[in-house]
Amino acid sequence: MDALKDRVGAFTEGILIMACPVLVAVALKKVDLRSEGNAAVRGSVSPLAGISLFLSSSAFVILGIASALLDRLPAIFSTPFQLVFRFSKLLVHLCSIFQMLLSYMILLLISTMRFEAFLAVLVVFGPFILGCGYLSVIASKERRERTDVSCDKKLEPSLDFSTSVTSLLFLGLEGLALEGQTGVGPDLNPRLLAPLGLTFFFCVLAITVMLLAAVPPIDYDDQEQCDFMCSVLHALCGGLTLCFTAVVLTIVFVLDKENGVTVAVVPTLGLFLCYIICLCVPGGNQPQGNEVKPASLELTKVTFTGFLAVSLPSFSDDSLSRYTHAFIISTAMSVLFGLAWRFLTHFKQKAAVWTAQVACLFTHGCLAAAVIPFMIMAMQALGDVDDECHIPCNPSPSEQLNSFIACFKNKAIETSSYALSSVSC
C-alpha cells in the first residue's frame, strides 16, 4: 500500500498544481465570469476545481490513514483493507473525470466561440477511464504485503513525467483561455484557435496517461502484466513528449513563422544526429552499467512559465520587438531540449544517456541566451515607466522625491476615479 500511497500523492500534487491557479484566478477576479454566455458554465469552474482537489486529497488521506493503521492490525482485517484500497482508487478515477470536465469548461469560458466539437474528445476518453476504473477498482486485487516492488519502481518515472507534462499543458490551456477572454475585439483571435484546440486535446490525453501511471488496471503479482503496462506507459510518455512539442511549436509558428522552423528543426535534428553518432561509438549500443536517475523537470517548468508569460500577450500584438522574438525562440528551444533531456534519461542505453547529457547542455545554454533579451526587455519597461512619470535623467535626490510624489498623486487620482466609476456602475 505504501507504493500506491506514494503514487497517489504524486497524482494529488499534479492536480494541486493544475486546479489551484484556476481558483486563484477566479478569486482575484482575473477571469471574467460576468460576460455573456452560459451561466452554468461560468458557475461550474470553481466547483469543478474544488471537487478535483477534494477527491485527490481524500484518496491520499484515506490511504495514509489506512497504511498507518493496517501495520498495527491483525490479518483478519484484510477485507476492510480491500475496501479502502478500492475506494481510494475510485476517488482517483473520479478526480480524473472531473479534471477533464474542468479543462472543457475552461474552454467554454470564452463566450465568443463555441466548442461543442471538442466535446467529442471527452466522449472518447470518458468511457475509456470508466473501463479502466472497473478493471482497477473491481477486478484487480491488492495483497496486504508485496515482496516484489519492481513494478512500482518502474511506474515512478512514467508517473513523474506524465504529471509534470500534464501540469504544463494545463497551465498553457489556462493561459490561452485567459488570453482569449481578455483579447482585443468582440471575436476570438483566430491565431488562438489552433493552440487552444491542440492544448485541450493533449491535456485530456495527458490526464489519462497520468491516471494509468498512478493506478494502473493490472494485477501487481503478474509480472507479464506489469512489464506490458510499463512498456505502454513508456511509449505514452514518448507520445506526450511529441504532444508538448507540438503545442510549443504551434505557439511559436503563430507568432513567428520564420524562426519557428529553427525551433522545430534544431532540437529535433540536432539530438537525432547526436544519438546516431553516439550509436557509432564503441559500446554505444550497450546498456549503462550504473543506474541512471531521471532528470528533473523543474527548470523546464520555470522556463515554460516564462515562455507563456511573454508569448501569450503577444497574440494580440502584431508588431513585436526583436528582443521579444529572441526571448520566445530561446525559451522555446530550452523547453524542448529540457523535455528531451528528461525523456532520454528513461533509457538505459549508453547512446541515449550521452545524448541526454548533450540535451542538458543545450537546455542551460538556450536559457542563458534568453537572459540577454529578457534583461533588455526589462530595461525598456523601466524606461517606459520613467517616461510615463516624467522622471528626468540623473536626477538629484530632491528631484527624485518630487517626481515620485507627483507620479504617486497622478496614479492615486486615476485609481480613485476608476473605483468611483465602478461603484456607480
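**Reading the model**

Author: Setting aside neighbours within four places in sequence, S167 is in contact with G14, I17 and M18, where contact means heavy atoms within 4.5 Å. This is a predicted model, in which local features need pLDDT of at least 70 and side-chain atom pairs count only at pLDDT 80 or more, while totals for chains, interfaces and linings use all residues. Residues are numbered from 1 along each chain as its sequence is written, and side-chain values use heavy atoms, with hydrogens and water left out.

Reader: Where does S167 lie, and is S167 buried or exposed?

Author: Buried means under 20% relative accessible area, exposed over 50%, and partly exposed in between, with a 1.4 Å probe and protein chains only. S167 belongs to helix α5, residues 150–182, and counts as buried because its relative accessibility is 9%.

Reader: How many helices and strands does the protein chain have?

Author: Helices (H or I, at least four residues) and strands (E, at least two) are DSSP runs, numbered from the N terminus. The protein chain has 12 helices and zero strands. Of its 425 residues, 45% are buried. Among contacts between residues at least 6 apart in sequence, 84% join residues at least 24 apart.

Reader: How is the packing of two helices described?

Author: Two packed helices are described by the angle between their axes and the distance between the axes. Axes are lines fitted to C-alpha atoms, for helices over the stretch in contact, and angles run from 0 to 180 degrees between N-to-C directions. Angles under 35 degrees count as roughly parallel, over 145 as roughly antiparallel, 65 to 115 as roughly perpendicular and the rest as oblique. Helix α9 (residues 298–311) packs on helix α10 (residues 322–344) at about 150°, with the axes 9 Å apart. The two are therefore roughly antiparallel. Their contact involves residues including F304, F307 and V310 of α9 and F327, I328 and V335 of α10.

Reader: At what angle do α7 and α9 pack, and which residues make the contact?

Author: Helix α7 (residues 223–255) and α9 meet at about 30°, their axes 12 Å apart, which makes α7 roughly parallel to α9. The contact is made by F244, V248, I251, V252 and L255 of α7 with F304, F307, L308 and S311 of α9. The crossing of α7 and α9 is left-handed; that is, the near helix is turned anticlockwise from the far one by less than a right angle, clockwise being right-handed.

Reader: Which residues touch the most other members of the largest nonpolar core?

Author: A nonpolar core is a set of buried Ala, Val, Leu, Ile, Met, Phe, Trp, Tyr and Cys residues joined through side-chain atoms within 4.5 Å. The largest one has 103 residues, of which F200, F244, V248 and F307 touch the most other members. Beyond its neighbours within four places in sequence, F200 contacts residues including Y104, F118 and L173.

Reader: How many disulfides does the structure hold, and are C243 and C280 buried or exposed?

Author: A disulfide is a covalent bond between the sulfur atoms of two cysteines. By the criterion of a cysteine sulfur pair within 2.5 Å, the structure holds zero disulfides. C243 is buried, with a relative accessible area of 10%, and C230 counts as buried at 13%. C280 is placed in helix α8, residues 257–280, and is exposed, with a relative accessible area of 63%.
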